[in-house]
Amino acid sequence: MLFNSYGFLFVFLPLVLGVYWSLRPGDGRKWVLLLSSYVFYGVWSWKFAALMLATTSVDYFTAQWLHRSATPRGKRGWLVVSMVSNLGVLAAFKYFDFFARSVNAVAGEPLVGLLDLTLPIGISFYTFESMSYTIDVYRGRVQVLHRFLDYAHFVTMFPRLVAGPIVRYIDLEQQLKDAKPKLEAAVVVEALQFFVFGLLKKVVIADPIATKLVDPLFAQHGELGLVPAWTAALGYTAQLYFDFSGYSDMAMGLGLLVGLRLPRNFNLPYRASSISDFWRRWHISLSTWLRDYLYIPLGGNRHGTARTYLNLFLTMLLGGLWHGANWTFVVWGALHGAALMVDHATQARPKLPAGLGRLLTLLVVVVGWVVFRAESVGQAWTVYRGMLGLTGVDAAFARAHMPMLAFLGVALALSVAPDTSDVKLPVRRVVAVLMALAFAIAITRMSVPSPFLYFQF
Amino acid sequence: MDPARRYLRTFAVVLGTALLAIALLNWAVNPYSYYPSAWLRPLTWSTRPLRTEALSGCRGVGALIIGSSRSMKLAPAQLQRLTGLRALNASVDSAMAEDFLALLRLARAGCGGSVKEVVLGIDLEAFHDTQGPDGRITGAPAYWAQLPLPERLRSAAAATEKLLAWEQTVQSLRSLRMLREPLPTPTSRFDDDGFLHYVAWEAQKADGTFKLDTSGQVQAYLSRFAGFKHLSHRRLAVLRTFLEETASDGVRVRGFVTPLHADVLAALRSQRGFDALRSELNAQLADLQREFPHFTAFDASEVSAYGGAPDGFWDGAHVDDESSALLLDGLYGRRGDAVQ
């Protein structure tokens, strides 16, 4: 079910919230959240809902057994079981065919058969959440959850199930214990602001840029001139930010409506002064997950300069692969890994003027988004050739698309303006009227189904 | 009262009023003929009510062309020459699998069992797995009544959702603005046998000024295929019902996968999964051919399949008259049913 669908907005959400808040804090609410999340997910596929139940069960039981193990070796063994099962599911559904195709391409013959499995939506998100729970139980950072309901309702809660933020149990532990008896009006006001702003970002900004500029340009067969190539790159830069941060805003709003404050996932990433700074601002829940569960366990910066660089590069390479099984994501991860290495190598040197630093960072990010969006490395190269001016200028494109280019300019300006989390609107009637009208406009724009970009990961 | 409560009450009242006003406007103006309401003249031409009317008195029609707008250029006159049967083109805009069945059932009721041949133009996206039925179906109640109950409910839900759609709201306002203006000259019209004429384009072709532009359809088809990952099992089941009903009536069905211009195909191929979808459809059609001896199918997605000219189109999706003639010839043995 999509947040930006009439079924979700007018049927599912009112029904779930109505039942949820009519109950006292406790198991009743957890059951409502758990069952509604399975309905929310099962609308896409009941088979995948069953898979989610299976992986949830495996992690619940391995965490139990890990907790009960008396020896470090036993604990480590159960942790390995959890990791192998989670990564095994990811490998089978997401990476096996990529591996098989790559091997077959190198061999020039079909050596490895394909599984041809459909990728379950949101699998990368809930798998990472599950893994963080068992790792944190292993590290003694969180207490093991003894009841299946407590664990399952945390892993599956619908506001952030399919595209994050990647919430760790440790982030919500206290909030889940201190459940509010009733929903306060002031919290609903805040939740509405998050939800409406998020929906506006998606359906009023990201979707038109996608359908009018980005998708047709990336679908164009053949060369792109300088102007259309930069339009495609900058268009996707804006589209991805407003699509994903819009989803995250909506998730935060929905979280508030079920009494939970989810962590912030974006903090003006296009204002970043360096690539390291960018990763402190973009998809924060993923970058901190990668830092805590990959980069630091790999050794972080504790084993000398060369090893630090290698760890940075590997972390970003695997972070790229997390997004999808395609060489485009490998190249994207490698690009960011290399940029982080350069960033670390030059940290001791005098800093660039702030504006120049931001511009250079944005340039690296935009260049990266091209290969991230492209269907293949070859297609990305076509766009890069255009961006370098190797295939002409095509100024006529600008003349023919002036209104949309102006719209894109406004969108890019908005992408560096204060974000939803930074905006505190006064609680006044005039604001309520404007928000309601904006919401009504956004609702009319929901008529064309449009999945969020990060659903594919 | 608590300011937050006052805020929420105002928000709810304004939002409810705005949505109700938009829904009422769209219901009353009904620019796309989604609803039975006919208070104002529709802005667009709706083919489902037209075809319902044509099929209500089709006694004596022996050959029927069913499909989407991409099959509207198949000439009933040519089909009549090929089969010796009186022919009618009953294709409707954006036909999905459920439309095939509705049209067949209207013909069964209206033609009194005279139909012996059906030419079925199958668009790949007629089996879209995430796109619902066309909301315009509910604007033609007799047509809507031919659908299986789940499809009827889905189309009613689709039309209800459209009450709040941005595009329809814009067109409703446009309709109101145009109330005082004379009706614009239609860009297309049907002959009595359902054959489509693109009035403006045909005039341009006659005076040599026609210029093929595929860009509009490239964009339209990219958005039409958005979210299309697998063939819909539900819609494949509807096609099966279609074949069961034609088999029981002794009607021969010649299907073909409708062509697209190479530019549109290239754009679709640049998206993940298009070729897989096409292969999946061909495999399904091959299975159905084996199961239903009265059914043959022919993949005419690419012009080379029927010997058409690469630019034998009016735009990126609608074949011109010469290509349509080649397609029909192909279906009736000139190029053989063996093409799969």
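Guide: What follows looks at one strand, its partners and the chain around it. The model is predicted. The strand is β6 of chain B, residues 252–257. Five of its six residues are buried, so the rest of the structure largely encloses β6(B). Buried here means under 20% relative accessible area.

Now the neighbours. Strand β3 of chain B, residues 117–122, pairs with β6(B). The sense is parallel, and six bridges link the two. B:Arg254 in β6(B) has B:Val119 opposite. Strand β7 of chain B, residues 295–299, also runs parallel to β6(B). Five bridges join that pair. Here B:Gly255 has B:Ala297 of β7(B) as its bridge partner.

Next, the wider setting. Chain B holds seven strands and 13 helices. Its radius of gyration is 21 Å, close to the 20 Å from the globule rule for 340 residues, so chain B is as compact as a globular protein of that length. The C-alpha trace spans about 80 × 50 × 45 Å along its principal axes.

Of the 340 residues in chain B, 54% are buried.

Last, surface and charge. Chain B has an accessible surface of about 14,600 Å², and carbon and sulfur atoms supply 57% of this area. The chain carries 37 positive and 37 negative charges, with mean positions 5 Å apart.

Terms used
Residues numbered from 1 in each chain as written. Chains lettered and ligands numbered in written order. Predicted model: local features only at pLDDT ≥ 70, side-chain atom pairs only at ≥ 80, totals over all residues. Heavy atoms only, no water. Buried < 20%, exposed > 50% of the residue type's maximum accessible area, 1.4 Å probe, protein only. Helix = DSSP H or I, 4+ residues; strand = E, 2+ residues; numbered from the N terminus. Pairing = 2+ DSSP bridges. Rg over C-alpha atoms; globule rule 2.2 N^0.38 Å. Areas by Shrake-Rupley, 256 points an atom, 1.4 Å probe, with all protein chains shown as cover. Lys, Arg positive; Asp, Glu negative; His and termini not counted. Charge placed at Lys NZ, Arg CZ, Asp CG, Glu CD.
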